[in-house]
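Please look at the sequence and the 3D structure below before reading on. The paragraphs that follow go from single residues to the whole chain and back.

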Amino acid sequence: MKIIEIKDRNDQLLNILVNVWEDSVKATHTFLNEQEIEHIKEYVPMALKSVEHLMVVDNDEAMGFKTYKKTELDEEGNPYPLLYMKLDR
């Protein structure tokens, strides 16, 4: 496993990360419809650009994450719970 801090957040990388985000949301957030996902997706590139230390994992193995905090509303005040997760080691 290799953990990499991303300094250059070019459009190609952002598109890849947005696709990963979208695939993950569609697999886990079954309470969202397609229109809601598309609306939220508009904010994802901006959010990725604003992360102070953006880390990605280059790994062929599956990784496990553990929830350490949950909110009932998202940062926009919408009724979408947020899960804060960290790598479960």
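Ile3 counts as partly exposed, because its relative accessibility is 42%; buried means under 20% relative accessible area, exposed means over 50%, and partly exposed lies in between, with a 1.4 Å probe and protein chains only. Ile3 has its place in strand β1, which covers residues 2–6. Helices (H or I, at least four residues) and strands (E, at least two) are DSSP runs, numbered from the N terminus. Ile3 and Asn59 are 56 residues apart in sequence, yet 8.5 Å apart in space, C-alpha to C-alpha.

A word on the source of these values is needed here. The model is predicted, so that local features need pLDDT of at least 70 and side-chain atom pairs count only at pLDDT 80 or more, while totals for chains, interfaces and linings use all residues. Residues are numbered from 1 along each chain as its sequence is written, and side-chain values use heavy atoms, with hydrogens and water left out.

Now take the chain as a whole. Its secondary structure comes to 3 helices and 4 strands, and along the sequence they follow the pattern β-α-α-α-β-β-β. The C-alpha atoms fill a box of roughly 35 × 30 × 25 Å, taken along the principal axes. Of the 89 residues in the chain, 17% are buried. A contact means heavy atoms within 4.5 Å. Among contacts between residues at least 6 apart in sequence, 45% join residues at least 24 apart.

Strand β1 also holds Glu5. Glu5 has a relative accessible area of 30% and is therefore partly exposed. Leaving out residues up to four places away in sequence, Glu5 touches Glu52, His53, Leu54 and Met55. Leu82, by contrast, is 77 residues from Glu5 in sequence and 24 Å from it in space, C-alpha to C-alpha.

The next topic is a pair of helices. Helix α1 (residues 11–28) and helix α2 (residues 34–41) pack at an angle of about 150 degrees, with their axes 11 Å apart. Axes are lines fitted to C-alpha atoms, for helices over the stretch in contact, and angles run from 0 to 180 degrees between N-to-C directions. How are α1 and α2 oriented to each other, roughly parallel or roughly antiparallel? They are roughly antiparallel, since angles under 35 degrees count as roughly parallel, over 145 as roughly antiparallel, 65 to 115 as roughly perpendicular and the rest as oblique.

In this contact, Val18, Trp21, Glu22, Val25 and Lys26 of α1 meet Glu34, Ile37, Glu38, Ile40 and Lys41 of α2. The residues of the contact divide into 5 nonpolar, no polar and 5 charged. Here Ala, Val, Leu, Ile, Met, Phe, Trp, Tyr, Cys and Pro count as nonpolar, Asp, Glu, Lys and Arg as charged, and the others, Gly among them, as polar. Glu22 is a residue of helix α1. Is Glu22 buried or exposed? Glu22 is buried, because its relative accessible area is 9%. Beyond residues up to four places away in sequence, Glu22 touches Glu34, Ile37, Glu38 and Lys41.

Nonpolar residues also gather elsewhere in the fold. The largest nonpolar core has 8 residues in all: Ile6, Leu13, Leu14, Leu17, Val18, Val44, Leu48 and Leu54. A nonpolar core is a set of buried Ala, Val, Leu, Ile, Met, Phe, Trp, Tyr and Cys residues joined through side-chain atoms within 4.5 Å. The elements that give two or more residues to this core are α1 and α3, and α1 gives the most, with 4 residues. In soluble globular proteins, nonpolar side chains tend to be buried together. Setting aside neighbours within four places in sequence, Leu54 is in contact with Ile4, Glu5, Ile6, Arg9, Leu17 and Leu48.

Helix α3 (residues 44–50) contains Lys49. Apart from residues up to four places away in sequence, Lys49 touches Arg9 and Leu14. Asp8 is 41 residues from Lys49 in sequence and 9.7 Å from it in space, C-alpha to C-alpha.

The last stop is Glu75, in the loop between β3 (65–71) and β4 (82–87). With a relative accessibility of 71%, Glu75 counts as exposed. Not counting residues up to four places away in sequence, Glu75 touches Leu82 and Tyr84. Glu75 and Ser24 are 51 residues apart in sequence and 19 Å apart in space, C-alpha to C-alpha.
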